[in-house]
Amino acid sequence: MNIDFKSIKVKYVFIGLIIVLISLIIIASFSYVVSHDIVSRLSDRWINEAVTRNSNTIDNWFVNNRDMIDTIVYDIELSGDFSYNNLQNIINNKMKIYKKDALDFYIGFESERKLISGVGWEAPDDYDARKRSWYIRAKNNKGVIFTEPYVDAMTGEMIITVAKSIYDNNRLVGVLAKDIYLTDVVNIVNEIKVNEQSYGMLLDNKGRIIVHPNDEFLPDQEGIKGVSEINWSGYQKVVKAIKNAENNNKIEITSYEGNKELIYYNEIATTGWHYATAVSQASYEKPMSNLVNGFGWALLFSIIIALLIMYKLIQSIVKPIESLNNTVESFSTNNMDVRSSILTEDEIGKLGKSFNEMADTIQDYSNDLENKVEEKTKKLRLKNKTIMESIEYASKIQNSIIPDLNECLDLQVKDYFSIWKPRDKVGGDIYWCKTIGNYTLIAIIDCTGHGVPGAFMSMMVNSILNSVTKVIKLNNPAKILQEVDIRLKESLGEYSINNKNMPKINDGADIGLISIDNERNKLIFSGAKIDIFISDKNDVNIIRGSKRSIGYSLCKEDFKNIEFDRKADTQVYISTDGFLDQNSKSTKYGIGKKGFIKLLNDIKDQGMKEQMIIIEKIINEKLKSTEQRDDITLIGMKL
Amino acid sequence: MEEFYIEPTKSSPEVEFKPEENELIIKGESYPENSFAFYQPIFDLIETAVSKPDEFKFIVEVNYLNTSSTKSFMNILDILEKAYKNGNNLVVIWYYDEDNEHSYELASDFKEYLELPFDIVAK
């Protein structure tokens, strides 16, 4: 998927997403902290209650046993009959009643080495009850005592002795004792569980382990195991906490299996023992992790819903903007008829309306402008047509003064060609030809300017030549040029009225004249800034005309006639500068006079028509890639 | 005097007058429809420029002049020649490409008939 981060839609969805995310995370974290605290407190309270309940149950067991002994001793003391018989009867009787959980009832006597037993146990001869710990402890305590538990060698069960001294007034008669299995207590501890991953523990008043799920820690034949026997840091931490009565009856330890455990404990009042419940940290944290999961899902759902709402909302804003944007884009690509369809009362609707108004105005202007341009174009086309027709007609006139060389030269030369190529429809270049008697005069004329002004000049020069050649012989071309110069200046007005330094009209012409004198069999040339090129079998030579041109010129020298013998097969060429100076795309400059000489050398052995075709081909080739700069006129003759 | 500049077109040259150097440069090709109209402002400019005490430099670097542009150049050079004869300090420097016979011939024809400092320099 392509996401354009510059679009408003994406920008706002991202901003919204960040806002929602931040607020949700803050709320969730706060809620989690509070909830965690509450849940943890509730758990603690619940476990503590369970522990208290269990320790009370255990305590009840001890209280029952204590009370039973208390009652029996009380009854004996009240009867005042301390005879062996009576006492034997009493314990026999009690044994019958309590044989279910009592192992034996027995009494040791202070006055002599004697012991009577409810189950008829015969003490060995060296047995002196008065030296046994249960007897000594009971003798030294007013109330009921519980001995340390020990393991019965026969059954492997734990046995505890409950005992109380018997007094006849102030005289110590002996001590009543009862042996009972601790199995009930052990079962209570082992069976009652707070949760699946919890277990119970019972510690005596010295912190030694009485009950624990791990057999290794349990009392055995060698006695009960305590801190010095059990190498388990967690346990030692528990013992220390119990001794110091610290931490609100709850401590964290590492279990003997290496897991994190929480220990909750409570004292059993009757014996000063401690009942403890161990809960694994993982199970304790379980409600908390449920809480976290719950919050996680809630967060995810909230984000998805928030995103959907945001997307829809932004869509409702962006859609009209997009529509408006499409309209504007369409309008800008010249589809002037489109208008916005978003015309609601809000800001975007107002924008749409404003756009429509603006579009109306622009369309009006545009239509108006198009009409005006069309009108102007029509007028221009008409004007252009008129001008073109006018020039077309002028061209006809100019064409009509271009002589038919066939008439003029047919009898004078063996062959000839002419190229006349004005830059525009009409031009400043013309050629001219006249035969009177034995003389034929050919002129090539390059008037200043091209196009219509050039054509005007050419008409003028043409008519001047016509009239001059009526009075000056055709075999004196220099004289003719001189006369043409005078008459042209006369016609144009030589100098400006305002500035005597400036010529009035800056115009004139370059003219080349070749006269064929049949009388003397000569060729006479005179040029006003025009040269001729003569080629024979061996060579091509340039014969320079005067550097003076007709009209205004820096060079003031007189025009001169240059005479040649009229040798058969000599080829004579005369050209205006149009052909020589025409550039092309590949050649920056025209071929020039040197280039023309080289060209003539290359083609001099071909027929005149072929030469013309070659030169025309060169011209056309040049004009394919470049504009024609000047009118082109070229005449070639074979004598 | 102020700066003067005409942008070149296909048929007219670039014309630039630099007042600090008192230098007029004409560069490019010249065959405008009406050459006299094109060069008229240049005639006026030269009349003023040559009368300044600083040396006036007329730098030409044209590839092609048609017949009527040639006449206009004659006018410019005419003015310069008269100014030179009146004692004004000036020089014409005509640059040409060695391949361009047309430009060289024009320059040497002008030089031949004018009495003023005229340098023809191959580019």
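Predicted model: local features only at pLDDT ≥ 70, side-chain atom pairs only at ≥ 80, totals over all residues.
To start with the interface, 32 residues of chain B touch 37 residues of chain A. Putting the two chains together buries about 2,900 Å², and 48% of that area sits on carbon and sulfur atoms. Seven salt bridges link chain B with chain A. One of the salt bridges joins the side chains of Lys10(B) and Glu627(A), with an N to O distance of 2.7 Å.

On the chain B side, at least two touching residues come from each of helix 1 (35-49), strand 4 (56-65), helix 2 (67-85) and helix 3 (101-113). Helix 2 of chain B gives the largest share, ten residues. Sorted by class, the chain B side that touches chain A holds 13 charged, ten nonpolar and nine polar residues.

Helix 2 of chain B also packs against a neighbour in its own chain: its axis and that of helix 1 of chain B come within 10 Å and cross at roughly 10 degrees. Angles under 35 degrees count as roughly parallel, so helix 1 and helix 2 of chain B fall into that group. From helix 1 of chain B, the residues making this contact include Phe36(B), Tyr39(B), Ile42(B), Phe43(B) and Ile46(B). From helix 2 of chain B, they include Phe73(B), Ile76(B), Ile79(B) and Leu80(B), along with Ser68(B) and Asn75(B).

Conventions. Residues numbered from 1 in each chain as written. Chains lettered and ligands numbered in written order. Heavy atoms only, no water. Contact = heavy atoms within 4.5 Å. Buried area = accessible area lost by both parts, 1.4 Å probe. Salt bridge = Lys/Arg side-chain N within 4 Å of Asp/Glu carboxyl O. Helix = DSSP H or I, 4+ residues; strand = E, 2+ residues; numbered from the N terminus. Nonpolar A, V, L, I, M, F, W, Y, C, P; charged D, E, K, R; others polar. Axes fitted to C-alpha atoms, helices over the stretch in contact; angles between N-to-C directions. Parallel < 35°, antiparallel > 145°, perpendicular 65-115°, else oblique.
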